[in-house]
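Colleague: I'd like to learn how to read salt bridges and chain contacts in a model like this one. Can you walk me through it?

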Amino acid sequence: MEFNVNSPVLFVIVGLIIAAVLGQSVFFLLKAVKRAKEKGMDKKVIKKTITSAIVFTIAPAIAILVGVISLSVSLGIPLPWLRLSVVGSLTYEAVAAGNALTQLGLGTQTRITSASDYATVAIVMTSGIAIGLFLVPLLTKKIQSGVHKIENKDKHWGEILSNAMFIGMISAFLGYVFCDVTNLSKGDASGLIPVCVFFVSAITMAVCGLIATKKKVTWMNDYALPISLIVGMAAAIPFTNWLG
Amino acid sequence: MRKNSNELTYLEKIHVWGRIWGLSLFFLIMAFPLAVCIIYGVLPKWGPLFNGILAVLPMYWAVGVIEMLTYVPMLGAGGAYLSFVTGNISNLKLPCALDAMQRANVKASSEEGEIISTISIAVSSIVTTVIIIVGVILIIPLTPVLESPVLNASFAQLLPALFGGLAVVFVSKQWKLSIAPIILMLLLFIFIPALNAGTVGIMVPVGVIFTLIVARVLYKKGKI
């Protein structure tokens, strides 16, 4: 069979794998909704969780789609479609693909024409993510029961523990936002763009919170995170024109 | 007692389903390169393959293990089984689940938290997959739009826009606990040039471990 990075057979295989991944999400969603009903959880809370997750996901999902397009130049559509729909993130996939292409003496802007090169790149990209895929099914129960043990021992500490984990993660990303500010001393102000975007998003979130509580606009609370995300991303356009 | 046994049953079931789905999908995803080799009757190029894997594997496997230990307790069981298959955890799934649990006022470790986290991550995964499918179908008309400099400027700032909002929620909840890790991370990222967008993933566990130590000290002193 003649090889082509966009061959229909590759689309079919990738489509089947993605359908299975979609099946897992639908399965867990149905089971969780069923359990919520059994437990008598407020239907409104479940509905709001679903609608808010939909709204929140749109912008990041489009950003992932941009990643598929940028990788499709050399790899065609099916492989980036698979790799970014399953486990992958653009940061990892671009590095892994770039590495494999360099080893093959190809550039990231050169389209692969041989099936052997394609298989080589696909194995490199897939092997990097294998560890999480393999270990999570084996170790999640152990990790979770360890956390439950700590929390059952001391409820108050258990609550602080989970908040501390969230804050630890957020503080790392907050640090990242400021990573290029020192370029200002070299006359490059572009490092301030993420800082400005961060503060616009933070202020938007605070304003949404205030409106929700003071004016009793409850829906504002449900969509505060997507609103702050979209406003922050929109603010990036004038900031990039100004500082970029 | 009945309630407790029910909770255990649901969680136990989640683990059983998670293992079956997780391992099945692992083999299915790994089979893609194998299918390419069989269909086209080729073998990979061993030299570039070996060098490529050597360049990628040590770093990404180490990060993979650390990410698992860091994110699984935050995501809950169902959320973890889903997130580690569909990916984009720190930039999409975890913020989505955190926001949902925060609004529903439930803890990740409770059964309600488990349910809310699973629902939000499952919905987010489905929406992402559907958007990418639509994008792939419409890739020709969409490419010039999505690659326009204006939209690229927005997408490049996704993480600052996301974490600006999240920081307000969580820092305001535990401001005493937040001060030390924020200062540490600011100093590290500003003064160590090697720390940037590519290495932020490695710094997440550092931030988490440091914050846990600070939290323990403050808790023992009765400050939080």
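Modeller: Start with A:Asp117 and B:Lys45, whose side chains meet in a salt bridge at 2.6 Å, N to O. The term stands for a side-chain nitrogen of Lys or Arg within 4 Å of a carboxyl oxygen of Asp or Glu. As background, side chains of opposite charge can pair when their charged atoms come close.

Colleague: Which parts does the pair of A:Asp117 and B:Lys45 join?

Modeller: A:Asp117 lies in helix α5 of chain A and B:Lys45 in the loop between α1 and α2 (46-75) of chain B, so the pair joins two chains. Helices here are DSSP runs (H or I, at least four residues), numbered from the N terminus.

Colleague: And is A:Asp117 buried or exposed?

Modeller: A:Asp117 counts as buried at 9% relative accessibility, while B:Lys45 is partly exposed at 36%. Buried is under 20% relative accessible area, exposed over 50%, and partly exposed in between (1.4 Å probe, protein chains only).

Colleague: What should I keep in mind about the model itself?

Modeller: This is a predicted model, so local features need pLDDT of at least 70 and side-chain atom pairs count only at pLDDT 80 or more, whereas totals for chains, interfaces and linings use all residues. Residues are numbered from 1 along each chain as its sequence is written, chains are lettered from A and ligands numbered from 1 in the order in which they are written, and side-chain values use heavy atoms, with hydrogens and water left out.

Colleague: How is confidence read for chain B?

Modeller: pLDDT is the predictor's confidence in each residue, from 0 to 100. Where it is low, the predicted coordinates should not be read in detail. Chain B averages 91, with 96% of the residues at 70 or above. Within chain B, helix α1 (residues 2-40) has the lowest mean, 87, and helix α9 (residues 175-191) the highest, 96. For the complex, the predictor gives an ipTM of 0.90 and a pTM of 0.89.

Colleague: How much area do chain A and chain B bury between them?

Modeller: About 13200 Å², 80% of it on carbon and sulfur atoms. Buried area is the accessible area (1.4 Å probe) that two parts lose on being put together, summed over both. A:Phe28, A:Met169 and A:Phe173 supply 5% of what chain A buries against chain B, more than any other three residues. By contact, meaning heavy atoms within 4.5 Å, chain A brings 143 residues and chain B 141.
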